[in-house]
Amino acid sequence: MTKTNDDYDAPAVERRWQEFWEEIGLFEANEDSPKPKFYLLEMFPYPSGDLHVGHMKNYFIGDVLNRYKMMRGYEVLHPIGWDSFGLPAENAAIQRGVSPTAWTEENIATSRETLKRAGVGYDWRREIAACRPDYYIWTQWLFLKLYERGLAYRASGPANFCPSCNTVLANEQVVEGACYRCDTPVERRHLKQWYFKITAYADRLLDDLELIEKNWPRHVITLQRNWIGRSEGLTVRFPVVGGGDRHFDVFTTRGDTLYGVTFMALAPEHPAIAELTEGLPTKSDIETFCREAVKKKEVDRAAAATEKAGVFTGRYARNPLSGDEIPIWVADYVLISYGEGAVMGVPAHDQRDFLFARKYDIPVVPVIRAVDGELADEREMTEAFEDYGVMESSGPYSGLTSEEGNARLAEDGPKGGWGRPAVNYHLHDWLISRQRYWGAPIPIVHCAACGEIAVPYEELPVLLPPEDEVDFTPAERSPLASCREFIETTCPKCGGPAERDADTMDTYVDSSWYFLRYCDARNADAPWKPARVNFWMPVDQYVGGDEHAVSHLLYARFFQKFLADVGLVRDVEPFPLFFNQGMVKARVPKADGSSSMEVMSKSKGNTVAAGPFIAEHGADVARVYITFAGPPGKDMEWTEEGVGGTARWLGRVWRLVDGNIEGVRASVDAASLSAAERDLYVATHRTLKRVTDDLERLHFNTCVAFLMEFVNRLYAFENRKSPAFGYALHHLIKMLAPFAPHMAEELWRRAGHGDTVFREKWEEYDAEATAAALVTVVIQVNGKVRGRVDVAAGASEEEVFAAASADANVARHLEGKAVAKKILVPDKIFNIICR
């Protein structure tokens, strides 16, 4: 067991104060409080059992802010719950014969105990779990609200299917062509599934990014903007030659290239291929090609560097402008997820089309030239000309610029009946069906007489059947489908026999509204009271990972906008401030004796279990080390040396303060101080200002660094009986409190205080004293002024760089760049040279 000092027993001290905080209800949020509210939230955690220290970074970031905001006078709501539906529990049932409910509840209990032992302050009265009926009744209730407004619907269509998990995946859950959970290559299958019509909110999801982009990481905003992917262009109708009314509608952003279309390409999954090739001698070969093509990862199929493959269908379409007959091909680089799964091939002006045409000897017809150049000779072309330019060989549009031509074509398309202006999105409707047991049942019944009927609200929840009645063996349909006691029911409309829907909902549905339930977690009559939600919402600070940028973070925004539209909430954005925490890395040994630092993961065998670590070293060591080892938004490296150094520093703090505890005092007569005492007074307030400023910016690592520097200053101060020294110790305890709350609470009590330090007011720094000790340094990046920072007179290069990096504008200009050189003109200018 690591002890910071002989008389400091970390486990005993920490347990005592955790029990005290629970006894006094320190973290219980009250809607009737006169204080300003602050809603602080970390992302909905999955209860995987004993947490490792990599998980704890997220919670420690939240709790530092939690305790600081309490001391700043806020009524803080800091709740916790469990995103507890999902595949792992069901897999445990399959592999180990364990009940999903028992397995999940045991993991919840273990995770809860670890968080409590870590001293993370939550309002446990509001604890929720997505797998419990008192939660998923309201998930089903919200489904019905969406269903009533046509935003939840069932349709046949191509779906991503994981053959290992035996379930459907949303587009957002396919990573580089593989399942996001098990990394198995995903197959495309045509299935009847449930969807949420998130595309109805595509423009608002895109436009409202402007409301949050200043307070979200730029890369997350960019990921969402690109995922929604709004494109303006034309939908052009290509009739099938000899096909009667059969046609293909193709979306394009480059109407100016229409006269250069020399073929049409369909995605291998396109449902029209079977009908199109019926009766052709090549039908079998085409079907074989399609089966093989869809086995490839979509990211590989679409990559520019991948060799394209295709097969001619034997059928032709007609170019509506030139009148030419063009061959219809099936091509592996065309994705069903883009547009309608059909593209017009313009090899002269699209590189992928160019490579495909050259491979299969399809004509290349240039119709765009550079503004100051000539039309290319297709025989001499080695690559496509993809830029805008001037239209040529394009009938009445020849001589127009690409921009002018696109505008004219948008006007002429509707007149000629061959096209219309259109907006296309990369975003598709959210596929929520899952063929699993461990999820919220979809509250729909299917009646032969009445069709699709919603379960009445008063009959919710639709409960999962008892686990001993379910066969969890993976199959291509839901385990619920074989449970007749669950499936067989009566129609709510006609009273005749009916069947329940056998699918369950994607777990991302559960996490799309959980933050609202926390506001009124024990309400048995409604998901929440609007007054309570409107008191706490929006979330003032959200903390989590960017791996959910185009899944949870997007879905939650969609839910919030829908709920605002139907009057159930006030705010249109749930998370105005989002902080993306970095990961924790640890060493992974290699076979050759070397090692590398990689993100903590059970699969890599480099995790450090949080529970045993806290039992041995104490929670405060873990908290201070994780907050100090690097900026919270960046990855950090976990090392035994770092742990030991943190423990030694906390030992120094304990010996310094406890050894002089009788002299701790809250005030001092600044006018009566000697020169040395005045210097210490100024250092105290300078540290307080720096810690306060960086707590507000969530730059916790620099806060701890400032405290370390301050402790060194205190050790060097000779007169331990000085009022200025006791005054400095008083401030040290309070500044330490958010980071090492147990030690700070123990020292606070030993200093003679009766109540918790966290109900004390955060100290205000002496602006006059700090101003006299600070200078303004101009910050340049590659010679251009990007900001100004206030630092201590005579600050070192490292101190100025730390302050500069904390400036939002400077950080923006440093993002993604390597610092090659730093040049400091003391107290005046600091120039950062980047490559």
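A polar contact here is a pair of N or O atoms within 3.5 Å; within protein, one must be able to donate a hydrogen and the other to accept it, and residues adjacent in sequence count only if both atoms are side-chain atoms. The model is predicted: local features need pLDDT of at least 70, side-chain atom pairs count only at pLDDT 80 or more, and totals for chains, interfaces and linings use all residues. Residues are numbered from 1 along each chain as its sequence is written, and side-chain values use heavy atoms, with hydrogens and water left out.

**Stop 1: Glu763**

Select Glu763, in the loop between helix 25 (741-750) and helix 26 (767-773). Helices (H or I, at least four residues) and strands (E, at least two) are DSSP runs, numbered from the N terminus. The Glu763 side chain makes polar contacts with the side chains of His730, at 2.9 Å, and Lys734, at 3.0 Å. Show the contacts next (heavy atoms within 4.5 Å). Not counting residues up to four places away in sequence, Glu763 touches Arg72, Leu688, His730, His731 and Lys734.

**Stop 2: Trp536**

Go to Trp536, in helix 17 (residues 530-536). Is Trp536 buried or exposed? Trp536 is buried, with a relative accessible area of 0%; buried means under 20%, exposed over 50%, and partly exposed in between (1.4 Å probe, protein chains only). Leaving aside neighbours within four places in sequence, the residues in contact with Trp536 include Lys37, Phe38, Tyr39, Arg126 and Cys519. Glu31 makes a polar contact, side chain to side chain, with Trp536 at 2.9 Å.

**Stop 3: aromatic rings**

Rings of Phe, Tyr and Trp (its six-membered ring) pair if their centres lie within 6.5 Å; planes under 30 degrees apart count as stacked, over 60 as edge-to-face and the rest as tilted. The structure has 51 aromatic pairs by this rule. Select Phe143 and Phe196: their ring centres are 5.9 Å apart and their planes are at 50°, so this pair is tilted. Phe143 belongs to helix 5 (residues 133-148) and Phe196 to strand 9 (residues 187-196), so the pair links parts of the chain 53 residues apart. Phe143 is buried, at 1% relative accessible area, and Phe196 is buried too, at 0%.

For a cluster linked by ring pairs, select residues including Phe44, Tyr135, Trp216, Trp513 and Phe578.

Then look at two lysines. A charge sits over a ring if NZ of Lys or CZ of Arg is within 6 Å of the ring centre and within 35 degrees of the ring normal. Lys116 lies over the face of Trp124, 5.2 Å from the ring centre, and the charged end of Lys822 sits over the ring of Phe801, 4.5 Å from its centre.

**Stop 4: a pocket and a cavity**

On a 1 Å grid over the protein atoms alone, a cavity is a set of points where a 1.4 Å probe fits but cannot get out, and a pocket is an open set with protein on both sides within 12 Å along at least five of seven lines; lining residues have an atom within 4 Å of a point. Grid points are joined across faces, edges and corners, and a volume is the space filled by probe spheres set on the points.

For the second largest pocket, of about 1,700 Å³, select Phe579, Arg697, His699, Ser805 and Ala811, which lie nearest its centre among 48 lining residues. Helix 23 supplies the largest share of this lining, seven residues.

The whole structure holds four cavities of 30 Å³ or more. The largest cavity has about 150 Å³ of space, and Gly86, Leu87, Arg434, Arg436 and Thr507 lie nearest its centre. Strand 6 gives the most to its lining, with three residues.
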